Amino acid sequence: MTLFADYDEIIERISVNQLWDFPGGVHPPQQKALSNQSNIETLPLDKTFYVPIKQHIGVDGRIIVSEGDSILKGQALTASEAPFSVPVHAPTSGIVKKVTEHVSAHPSGIPELSIIIDADGQDTWIPLKPVADYAKTGKSELIERICDAGISGMGGAGFPTHIKSNNTKPLEFLIINGIECEPYISSDDRLMREHAWQIRQGIDILVHILQPRQVIIAVEDNKPEALETMSIACQQKTNYQVVSVPTKYPAGGEKQLVQVLTSREVPSDGLPIDVGCIMYNVGTCYAIADAIVEGKPLIERVVTLTGKGFKSPKNVWARLGTPIQTLLKHGDYDDSTQSSPRFIMGGPMMGFTVTSLLTPIVKISNCILVPADNELPHPDDERACIRCSACSDACPASLLPQQLFWYSKSKELEKAEEYNLFDCIECGACAYVCPSEIPLVHYYRQAKADIRNQREEKERSDKAKIRFEARKARLQKEKEEREEKHRIAAEARKASLNKDGGAAKDKIAAALARAKAKKEALAKKQTQNDALGAPAPESDKTEVASIDEVSTESASSQTSAKTTNETEQAKPVLKSTANESSDITAEEDAEAKAAAKKKRVAAAVAKAKAKKLAAKQIKKENNES
């Protein structure tokens, strides 16, 4: 079956609401009525915000503020310098109090780098720059705006939205996910009821960027009001279809919803675009409209406060970086309902228990669940597996959760990977049906984290090895180049000396020999004159000096000629060789001059000795006479 072969069939079946199904799944109590009965409220401005610099899948941005800086609401705190990076923004105006490690919104609670902000109470916005007409704006500019606004998937995955929007593959279906299948959570439900028109604006912008053939807005049938408001908001668009999906957990999973709407299965390690689909959460669409139409970055989101531990369950607009202790206070947390404090970020199926009340709200935080005692199973109730296989029947990804559990618990990570551990969407359906109340997803998450750590360690090791090998090769290459340069220079010198069969060398040697003989003759004549007491003629002194100079110049000329020839021969080969030859010539000239000076001194000393000897001889002869 080709990619476009069943398009018409899909459209036809969707038009009569005849959808497909996915394997497994469960039907837990919804409990959404606890929080979806009232409008979304806005939290009062907090005094301190803890903004993690990474709140998405990808890499951290670069921090561009410092401690003590005054900042405005919506001001970027980090810069996006890598493709898989989105910036974070100030949730309010104030002062950057500190940049330090702070407890993370993660099951482990491991501290992560965060920017702590003291609010000034003014809540002053930066100048906003909305797009006047997105339909007349280039796609690349819109995608850049989405990135600059710090938008990542708000359905729970946190995938950078600008990466997903920069699609180049054939696209048939743009799917808007309004399923929200997790029990208790109603943030998307209330958002669709109250802000359907702005969600529609976000969808329009995505359609302008992606140009899909069809838009499908999927809403679970346990949200009739949201279904109606979205239908009204999209009724003018002929290629928009609002679809009611039967309630079944986890129908809101990306792969499961694609299968329900199109019957297509996203391949293992693949993406929905591989089967012609792209999916966005309704919250993401709202944020896109905020960024393009209003010019506002992502600094807040809707969070559900629910569970019987709250006296007033509700939905609230919470600024990113708000500690959950503030939300507990606003939801009238009743500590008498819990024998031991237990606060879950997320729903009962996929959420995790936080380790600190200072854990901040981040872009993927859609719920704070505070269950009363006996409202939810406690992790400590885990018992031994009885091999009932109920987990396999419930798995929507057709995995073997029991085998994954054994291998994850015993740290046999390679075996766990062989059983497709990373195909697990961590929906928690297996744990929900487990009669032994084993928190299976906890073991899967731990195993995935261990495998990722091993991969990162191996990647770092491989990179270090590549750098070492590259340095070694570079040093070897430089050594070979130096040796080649010296070889060429030596050959050039040798060729210069042998250029005329050694004639030039012989001529210089003959000239030096003649000069030496003439100098010795003059010295002998001078000795005789000294013995006779006659002064040496000035012409002889001049001639000796001339002979010394000739000898020196001859030696220098020989050296200079030799060096010059070598230099001229080496020039075409390498520029650096010429520089070296120049240095050698200067050094040899200096040596030649020093040698000439030494000779003159030696001649003067010899002359003095001869004169002294002659004087002694004359005195002796006089005495004898």
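At which residues does UniProt place the feature "binding site"? The legends below take up this question and then turn to other parts of the structure, which is a predicted model.

**View 1. The annotated cysteines.** The UniProt record, an unreviewed entry, places the feature "binding site" at Cys395, Cys424, Cys427 and Cys430. These positions are spread over 36 residues of sequence, yet they cluster in space, with a largest C-alpha distance of 10.5 Å. Of these residues, Cys430 is included in the lining of the largest cavity.

View 2. Cys427 lies in a loop, with helix 12 (413-418) and helix 13 (429-433) as the two elements that the loop joins. Is Cys427 buried or exposed? Its relative accessible area is 6%, and residues under 20% count as buried, so Cys427 is buried. When residues up to four places away in sequence are not counted, Cys427 touches Tyr249, Pro250, Met349, Met350 and Pro396.

View 3. Cys430, another residue of the "binding site" feature in the UniProt record, has its place in helix 13. Cys430 is buried because its relative accessible area is 7%. Which residues does Cys430 touch, not counting residues up to four places away in sequence? They are Cys391, Pro401, Leu440 and Tyr444.

**View 4. The largest cavity.** How many cavities of 30 Å³ or more are there? The count comes to two, and the largest cavity has a volume of about 110 Å³. The lining of this largest cavity consists of 14 residues, and those nearest its centre are Cys385, Cys388, Cys391, Cys434 and Ile438. By class, the lining of the largest cavity comprises 10 nonpolar residues, three polar residues and one charged residue.

**View 5. The second largest cavity.** The volume of the second largest cavity is about 90 Å³. This second largest cavity is lined by 14 residues, of which Cys395, Cys424, Cys427, Cys430 and Tyr444 are the closest to its centre. Which elements give two or more residues to the lining of the second largest cavity? They are helix 11 (401-409) and helix 14 (440-497). The lining of the second largest cavity contains 12 nonpolar residues, one polar residue and one charged residue.

**View 6. Asp450 in helix 14.** Asp450 is located in helix 14, an element that also contributes to the lining of the second largest cavity. With a relative accessible area of 18%, Asp450 is buried, because the cut-off for a buried residue is under 20%. With its neighbours within four places in sequence left aside, Asp450 is in contact with Lys411 and Leu413.

**View 7. Ile116 in strand 7.** Ile116 belongs to strand 7, which covers residues 112-119. Why does Ile116 count as buried? Its relative accessibility is 10%, and buried means under 20%. Ile116 and Tyr50 are 66 residues apart in sequence, while in space their C-alpha atoms are 4.7 Å apart. Tyr50 is also one of the residues that Ile116 touches, not counting residues up to four places away in sequence.

Technical notes. Residues are numbered from 1 along each chain as its sequence is written. This is a predicted model: local features need pLDDT of at least 70, side-chain atom pairs count only at pLDDT 80 or more; totals for chains, interfaces and linings use all residues. Side-chain values use heavy atoms; hydrogens and water are left out. UniProt positions are given in the numbering used here, feature names are shortened, and annotations may be inferred rather than shown by experiment. On a 1 Å grid over the protein atoms alone, a cavity is a set of points where a 1.4 Å probe fits but cannot get out, and a pocket is an open set with protein on both sides within 12 Å along at least five of seven lines; lining residues have an atom within 4 Å of a point. Helices (H or I, at least four residues) and strands (E, at least two) are DSSP runs, numbered from the N terminus. Buried means under 20% relative accessible area, exposed over 50%, partly exposed in between (1.4 Å probe, protein chains only). Contact means heavy atoms within 4.5 Å. Grid points are joined across faces, edges and corners, and a volume is the space filled by probe spheres set on the points. Ala, Val, Leu, Ile, Met, Phe, Trp, Tyr, Cys and Pro count as nonpolar, Asp, Glu, Lys and Arg as charged, and the others, Gly among them, as polar.
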